Amino acid sequence: MPKDHFYRHLHRVLDLSFVRDLAADCYASGGRPSIDPIVFFKLELMMFFEGIRSERKLMEQAGYNLAMRWYAGYNLDEALPDHSSLSKIRTRLGLPVFRSFFEVIVEQCAQARLVWGEELILDATKVRANASMGSLI
């Protein structure tokens, strides 16, 4: 993995240690081991940064993308989580946990200069309306 790769930079500048406390109420203390919440949120961040729209596609790409595997903490010989596990975890955590995660991560990204908020981009495409001319006043 190149020293200047984006995921190496992300690993250096984002501190995800708060995630375990944030998600603690959603995980049982016993039973079968689950996917580490830090790994889960790293996968969700990769989904965002890669522009991937589904967890199924995310896990497919992580299967052959060494940088994604490295950032998530998986070796080549380790099995990646199933996409359905990610969907279940996302549902279990719920909106309040995601909102809290988002607030902390956006602040960290701003401090790391990954976002700057100085540009505004909007789509000004003209689209012909599908309206009845008889309804216009």
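Predicted model: local features only at pLDDT ≥ 70, side-chain atom pairs only at ≥ 80, totals over all residues.
1. Basis. Local features require pLDDT of at least 70 and side-chain atom pairs pLDDT 80 or more, while totals for chains, interfaces and linings use all residues. Numbering starts from 1 along each chain as its sequence is written, and side-chain values use heavy atoms, with hydrogens and water left out.

2. Fold. The protein chain has six helices and zero strands, in the order α-α-α-α-α-α. Helices (H or I, at least four residues) and strands (E, at least two) are DSSP runs, numbered from the N terminus.

3. Overall form. The radius of gyration is 19 Å, well over the 14 Å that the globule rule gives for 137 residues, so the protein chain is more spread out than a compact globule. That radius is taken over C-alpha atoms, and the rule is 2.2 Å times the number of residues to the power 0.38. Along the principal axes, the C-alpha atoms fill a box of roughly 65 × 35 × 30 Å.

4. Leu16. Leaving aside residues up to four places away in sequence, Leu16 touches Ile38, Lys42, Leu45, Tyr71, Phe101 and Ile105. Contact means heavy atoms within 4.5 Å.

5. Burial. Buried residues make up 32% of the 137 in the protein chain; buried means under 20% relative accessible area, with a 1.4 Å probe and protein chains only.

Methods. Buried < 20%, exposed > 50% of the residue type's maximum accessible area, 1.4 Å probe, protein only.
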